[in-house]
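User: I'm new to this one. Can you walk me through it?
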Amino acid sequence: CALPICRFEPGLWTAMAEQAQKTNRFALADMKKSEEASKTVAELKTEKETATFSTLLGQYIAFFSTAVKATGLTLGTERTIATSGVVAGLLAKVAGGGNDNRAPAGPRWPISPFVIGLVNTYTEEQMNELNTAGINNLSERHGILCLFGDVTATPQTKDLIFYQYSSTRERMRLVAECEEVGERFLFATLDGRHQKRAKFQIGRAHV
């Protein structure tokens with residue numbers, strides 16, 4: 001499923017979360033301060049708090065604490081790019097395996113050699129604080145650059161399942177598959193013996 005990506009504006013973050021919820025998608029939000037070097041945990045948390053989400057809407061959006069550095073368009077240069085595009089690629093890899101209920105985080109999902117560095121880095125304690133605040137990190141783990149976090153904007157204290165974006169992504173896949181089954185039965189003629197209804201209940205491929 002396509003991933004809406006929005007940047008920098010709290011009003012847009014809320015609007016994109018609403019759109020993602022309505023259309024069964026998931027939003028990736030780049031923070032302005034994530035692209036500015038040496039930003040503190042407090043500054044990132046303050047920026048995120050400028051947008052408010054209900055428990056439901058928060059399940060449909062993820063934030064990130066840093067932008068990434070990549071090789072530039074000319075030899076010997078580098079450029080800064082938003083993390084959302086990198087994470088979208090990681091999520092596409094996960095989806096290709098047929099199970100969205102996995103977080104593409106940790107050294108098993110490296111983002112190098114495309115990504116050569118991070119704009120902001122944090123200690124283990126700081127990353128845990130950011131994760132608790134609903135902000136995902138990128139980190140170097142045993143020499144491998146990777147995503148470090150699996151949290152939505154909904155805190156764990158409010159939802160024990162969908163505070164993880166892997167769970168939200170799996171729900172997205174299940175909803176899409178159910179809608180596909182239902183579409184095949186749209187306007188189908190019902191029969192007196194309820195055979196059509198029985199086929200729908202078990203998700204038969206043909207009407």
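User: How do the residues lining the largest pocket divide into nonpolar, polar and charged?
Analyst: The lining divides into 5 nonpolar, 8 polar and 4 charged residues. Ala, Val, Leu, Ile, Met, Phe, Trp, Tyr, Cys and Pro count as nonpolar, Asp, Glu, Lys and Arg as charged, and the others, Gly among them, as polar.
User: Is this an experimental or a predicted model?
Analyst: The model is predicted: local features need pLDDT of at least 70, side-chain atom pairs count only at pLDDT 80 or more, and totals for chains, interfaces and linings use all residues. Residues are numbered from 1 along each chain as its sequence is written, and side-chain values use heavy atoms, without hydrogens and water.
User: OK, new topic. At what angle do helix 2 and helix 5 pack?
Analyst: Helix 2 (residues 41–48) and helix 5 (residues 124–132) pack at about 10 degrees, with axes 10 Å apart. Axes are lines fitted to C-alpha atoms, for helices over the stretch in contact, and angles run from 0 to 180 degrees between N-to-C directions. Helices are DSSP runs of H or I with at least four residues, strands are E runs of at least two, and both are numbered from the N terminus.
User: Which residues make the contact?
Analyst: V41, L44 and K45 of helix 2 meet Q126, E129 and L130 of helix 5, where contact means heavy atoms within 4.5 Å. These residues divide into 3 nonpolar, 1 polar and 2 charged.
User: And the sheet, in what order do its strands come?
Analyst: The order is 5-4-6 in an open sheet of 3 strands with antiparallel pairing; two strands pair if DSSP finds at least two bridges between them. Strand 5 (78–81) and strand 6 (115–118) stand at the edges with a single partner strand each, so one side of each has no neighbour in the sheet. The twist averages 35 degrees from one strand to the next.
User: How many bridges join strand 4 to strand 6?
Analyst: There are 3 bridges between strand 4 (residues 68–71) and strand 6. K69 has G117 in strand 6 as its bridge partner.
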